[in-house]
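Let's take a walk through this structure together. Have the sequence and the 3D view ready, and we'll go piece by piece.

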Amino acid sequence: MDTNTQRLLHTFSALADLGQEIAAAGDFDEMLRTSFHLLLGSLAIRRGAVGEYERDLGALRFVATRGLGESPAGPLALSTDHARRLSSLGSSISLADAGKEAERFLEDHKDAFASVEIDLVLPLVVREELIGLVLLGEKATGEKFTDEDLEVLSALSRHIGVGIRSHRLLEEVGHKAAENLRLYEGLRAIYKETVRAFAAAIDIKDRYTQGHSVRVGKYSEIIAREMGWADEEVEGITIAGYLHDIGKLIVDLSVINSPDRFNAKEQKEMNRHPFAGYEILSPISHPYADIPLMARYHHERMDGNGYPDGLKGDQIPPGAKIVTLADSFDAMTTDRPYRKKLPLEDVLVDFRANTGTQFDPEVVCAFCRAFLKEIDGSKERRLLNLINRNYSNVESVTPLLNKLLSEFGDGAIAASANN
Amino acid sequence: MSDTGESSVRARCVGDAAIIYASDYLNKLSGERIERECKRQLESGHRTLIINFRDTEIVNSIGVSILVGVIDAAEKSTARLIFSDVNNHTAELFQMLGLTRHVSLVSSEDEALSLASEAQP
């Protein structure tokens with residue numbers, strides 16, 4: 001094989017290896033070091049360095065060096081003018097200019113390159129932007145670089161430049177995505193706080209049910225989590241709980257604050273609130289799905305006798321079924337103008353009587369499981385803390401909770417069944 | 001004669017010479033192992049390094065670059081570097097790239113050892 005063919009083959013294999021190296025995922029600095037080795041090895045160049053130009057810092061950061069001893073010790077300042085000149089020379093720099101640039105570079109950075117010879121400086125330019133520099137010393141042959149050598153080195157350098165730029169773009173995209181995520185999280189937090197404040201405002205209208213919407217949100221959250229909903233969905237159902245009674249804003253104050261049970265006319269007025277809530281919430285772009293529907297359907301019943309649409313069974317969205325139970329539980333465990341809060345035992349007896357007709361058995365069982373887990377200490381006391389405001393000795397309802405689970409679910413929780 | 005026991009790179013010492021055996025494909029991974037072993041042998045005082053290429057079919061650009069690094073390290077330690085059992089294709093590559101200006105190429109390990117002993121005072 002003649003020398004030219006062999007040289008060509010060696011260069012070709014270096015290019016192929018370089019492409020593979022740049023395309024492979026992995027540590028960026030290691031990729032650069034390996035690519036630099038390939039470049040040096042293509043012509044058996046004895047010393048050199050590859051530096052990444054950091055425009056913001058106006059400096060060249062060396063990521064790989066060979067045969068330069070300790071130099072350079074750190075990043076080197078590269079003035080904007082110098083960077084502009086190198087950029088204008090581009091990837092198609094001539095041998096003479098690459099040599100002149102090497103002389104200038106060593107002159108500008110005498111301290112960093114004491115007693116080190118650099119024969120060529122090749123700018124890494126992509127889309128007219130200076131990405132970095134490749135500094136090259138002598139070849140093992142001891143011969144001067146030729147135009148043909150420069151073509152080989154330029155081709156390899158272009159790949160390295162593109163590799164650096166691609167990495168930078170990916171980093172920028174990553175930073176922007178992280179920034180957007182932070183903004184999104186911030187907005188979401190503001191949204192949640194606003195909704196919570198709004199929930200408090202809804203409840204203020206009804207002097208008998210203060211704190212009701214926030215509690216319904218919390219109960220809904222606990223039930224949904226017990227049902228294995230994803231974090232995002234749990235957040236959504238919490239918000240739905242906060243806002244489920246927003247339609248009451250259009251109901252006459254005298255009806256809402258009536259000290260007696262509603263008459264037919266008042267009941268009709270009151271029954272407007274789920275649909276009114278849906279109409280208020282529908283035009284808003286919520287970060288969670290189906291919030292308006294949960295407000296609309298939180299008075300539907302499994303047997304189809306609810307309102308406003310008389311949906312039954314699976315026609316009712318799962319979130320609305322959760323809010324229904326949470327709403328009823330809070331209504332029964334707080335004082336109302338026409339009655340005192342019910343004993344917890346009576347609440348659970350009501351659940352038992354209405355599971356399957358008013359309440360979804362799956363939701364009732366999730367509620368019971370969450371309740372029992374808090375009693376036996378395997379879960380943080382959130383439900384209990386909310387109930388404890390009004391009740392003492394909540395542990396006494398353990399048998400009733402287990403009974404509900406036995407009747408409507410997969411059975412009682414063994415650990416708690418012994419209580 | 002002793003076996004150095006370095007994992008992955010086989011090496012043995014004969015007098016002042018350390019013989020390091022290159023693998024079938026001299027690429028980044030195997031090249032770096034050879035480079036580390038060569039530096040270790042230089043640090044432990046050997047003044048002749050023989051790299052035996054009898055199993056080596058291919059040396060790629062990274063392999064060349066690493067060998068250039070070994071040449072540098074040997075020169076700094078004023079040690080002699082000998083490549084033995086290099087196949088024709090690789091020998092032509094080393095010749096073309098100028099490595100043979102810095103390294104003696106011999107056909108066998110015995111010849112390398114003989115050359116090493118001639119060089120000793």
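What follows starts with the ground rules and then moves from chain A to chain B.

This is a predicted model, in which local features need pLDDT of at least 70 and side-chain atom pairs count only at pLDDT 80 or more, while totals for chains, interfaces and linings use all residues. Residues are numbered from 1 along each chain as its sequence is written, chains are lettered from A and ligands numbered from 1 in the order in which they are written, and side-chain values use heavy atoms, with hydrogens and water left out.

Let's begin with chain A as a whole. It has 17 helices and 5 strands; helices (H or I, at least four residues) and strands (E, at least two) are DSSP runs, numbered from the N terminus. Of its 419 residues, 49% count as buried. Buried here means under 20% relative accessible area, exposed means over 50%, and partly exposed is in between, using a 1.4 Å probe and protein chains only. As for contacts (heavy atoms within 4.5 Å), residues 24 or more positions apart account for 61% of those in chain A with a separation of 6 or more.

Now for the strands of chain A. They form an open sheet of 5 strands in the order 3-2-1-5-4, with antiparallel pairing. Strand 3 (76–77) and strand 4 are at the edges with a single partner strand each, so one side of each has no neighbour in the sheet. Two strands count as paired if DSSP finds at least two bridges between them. Strand 1 (residues 48–54) and strand 2 (residues 59–66) of chain A, for instance, pair in the antiparallel sense over 7 bridges, and Tyr53(A) has Leu60(A) in strand 2 as its bridge partner.

Another positive phi of about 50 degrees turns up at Ala44(A), although it is not a glycine. Ala44(A) lies in the loop between helix 2 (28–42) and strand 1 of chain A, and it counts as buried because its relative accessibility is 0%.

On to the helices of chain A. The 13 residues of helix 7 (residues 231–243) should span 18 Å at 1.5 Å a residue, and its end C-alpha atoms are 19 Å apart, which agrees; the expected span is 1.5 Å times one less than the number of residues. Helix 7 is mostly covered, with 10 of its 13 residues buried. Those buried residues pack against helix 5 (147–205), helix 6 (212–226), helix 10 (273–281), helix 11 (291–296) and helix 12 (318–332) of chain A. In the loop between helix 11 and helix 12 you'll find Pro308(A), and the peptide bond from Tyr307(A) to Pro308(A) is cis, with omega near 10 degrees.

Next, the cores. A nonpolar core is a set of buried Ala, Val, Leu, Ile, Met, Phe, Trp, Tyr and Cys residues joined through side-chain atoms within 4.5 Å. The largest has 53 residues, and Phe351(A), Phe367(A), Phe371(A) and Ile387(A) have the most contacts inside it. Helix 14 (residues 361–375) of chain A gives the most to this core, with 10 residues. Apart from it lies another core, of 34 residues, among them Cys13(B), Leu42(B), Val59(B) and Ala79(B).

That brings us to chain B. Strand 7 (residues 80–84) of chain B has 4 of its 5 residues buried, so it is largely enclosed by the rest of the structure. It pairs in the parallel sense with strand 5 (residues 48–52) of chain B over 5 bridges, and 3 bridges join it to strand 8 (residues 104–106) of chain B, also parallel. Ile82(B) stands opposite Ile50(B) and opposite Ser104(B).

Finally, where do the chains touch? Ser65(B), in helix 2 (residues 61–76) of chain B, touches His37(A), Leu40(A), Gly41(A) and Arg66(A), not counting residues up to four places away in sequence. Ser65(B) counts as buried, at 1% relative accessibility.
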